[in-house]
Amino acid sequence: MKNQQFGNWQSIVAGIAAAILIILTLNSFIIINPGEAGVLSILGKARDGALLEGIHLKAPFISKVDVYDVTVQKYEIPAQSATKDLQELSAKFAINFRIDPQQVVEIRRKQGSLENIVAKIIAPQTQESFKIAAARRTVEESITRRNDLKEDFDTALSQRLEKYGIIVLDTSVIDLTFSPEFARAVEEKQIAEQRAQRAVYVAQEAEQEAQADINRAKGKAEAQRLLAETLKAQGGQLVLQKEAIEAWKSGGAQMPKVLVMGKDAQSSVPFLFNLSNIQGSSPD
């Protein structure tokens, strides 16, 4: 009986020891996956050297590993600034960044979690970088030269975040708005420009019409000059006679009741008889 009880106690102790061994084993290492970096802390003190992807040993129960995601992160951050012409300009930026794996220990010591990094580092530096970029140009230039504004912002933000172990990969200007006062000024300017363009168009149209009238007057004067020269030349009366005949034939002129042909060979009357005599005579 005693041997049996002793054997049971041995089994229990062995089971407890095995369980403790398993727990110790499971707490003696950690696996860091791709896209992650870990910071080992023993008794609350961060150890130098980041834990990169792979398996790492650690002291059980007295150590802790903080794992950071070092893949690309994206946050949308608003910013406001005054432009070179003292206009209010607001923007929203999409920041694509990642944490430098080699500097996660310093990040853990100084900034803590990723949320703290965004709130305490990235957001304020985004605001300051936007002020630098916006102050170099007017609000109109900020809108019309948006790419230049973005380039200045990217440069300023990258330089400011680099010392914190944050690598800026890309930024995007999601929204860019200006004050209601400037919006009204832009609208009034566009209306004035449209009116000015309309006035120019009307003036050009009037000028073209006046020029057309001048050309028509010149053409008519030239035609009259040529006609006068024709009439002065020999045979001019024949031209008048021909035109009169054509006008009467087409109905464009009223047939006179009396046509008289003088003895002058240069007479412009085309007929040699009296129509009244023809109309007044009756057949025998």
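# Close-up views of a predicted chain

**View 1. Ala94 sits in strand E7.** Strands (E, at least two residues) and helices (H or I, at least four) are DSSP runs, numbered from the N terminus. This is a predicted model: local features need pLDDT of at least 70, side-chain atom pairs count only at pLDDT 80 or more, and totals for chains, interfaces and linings use all residues. Is Ala94 buried or exposed? Ala94 is buried, at 5% relative accessible area. Buried means under 20% relative accessible area, exposed over 50%, and partly exposed in between (1.4 Å probe, protein chains only). Beyond its neighbours within four places in sequence, Ala94 touches Lys74, Tyr75, Glu76, Asp170, Thr171, Ser172 and Ile174. Contact here means heavy atoms within 4.5 Å. Asp175 is 81 residues from Ala94 along the chain, yet their C-alpha atoms are separated by 9.7 Å.

**View 2. Strands E6, E7 and E8 form an open sheet in that order, with antiparallel pairing.** Strand E6 (73-82) and strand E8 (166-178) are the edges. Each has a single partner strand, so one side of each is left without a neighbour in the sheet. On average, neighbouring strands of this sheet are turned by 25° against each other, direction ignored. Axes are lines fitted to C-alpha atoms, for helices over the stretch in contact, and angles run from 0 to 180 degrees between N-to-C directions. Strands of a sheet pair through backbone hydrogen bonds, either parallel or antiparallel. Two strands count as paired if DSSP finds at least two bridges between them. How many bridges join E6 and strand E7 (residues 88-99)? Ten bridges join E6 and E7, in the antiparallel sense. Ala79 has Ala91 of E7 as its bridge partner.

**View 3. Helix H3 (residues 114-134) packs on the sheet.** H3 touches E6, E7 and E8. The direction of H3 makes about 40° with that of E6. Helix H5 (residues 146-162) lies across E7 and E8. H5 runs at about 140° to E8.

**View 4. The structure holds three aromatic pairs.** Phe93 and Phe153 make a stacked pair, 3.9 Å centre to centre, with 10° between the planes. Phe93 belongs to strand E7 and Phe153 to helix H5, so the pair ties together parts that are 60 residues apart in sequence. Rings of Phe, Tyr and Trp (its six-membered ring) pair if their centres lie within 6.5 Å; planes under 30 degrees apart count as stacked, over 60 as edge-to-face and the rest as tilted. Phe93 counts as buried at 1% relative accessibility. Phe153 is buried too, with a relative accessible area of 0%. Which residues do ring pairs link into a cluster? The cluster consists of Phe93, Phe130 and Phe153.

**View 5. Another open sheet has three strands in the order E3-E2-E5, paired antiparallel.** Its edge strands are E3 (45-46) and E5 (63-69), and each pairs on one side only. Strand E2 (residues 36-42) pairs with E5 over seven bridges, in the antiparallel sense. Opposite Ser41 stands Lys64 in E5.

View 6. Phe61 lies in the loop between strand E4 (54-57) and E5. Phe61 is exposed, at 58% relative accessible area. Where is Leu86 found? Leu86 is in the loop between E6 and E7.

**View 7. Leu26 is part of helix H1 (residues 2-26).** Leu26 counts as exposed, at 56% relative accessibility. Pro60 is 34 residues from Leu26 in sequence and 8.3 Å away in space, C-alpha to C-alpha.

**View 8. Residues 265-284 have pLDDT under 50 throughout.** pLDDT is the predictor's confidence in each residue, from 0 to 100. Where pLDDT is low, the predicted coordinates should not be read in detail. For residues 265-284 the model has 30 contacts beyond four places in sequence. The chain averages a pLDDT of 78, and 71% of the residues score at least 70. The chain has eight helices and eight strands. Of its 284 residues, 24% count as buried.

Methods. Residues numbered from 1 in each chain as written. Heavy atoms only, no water.
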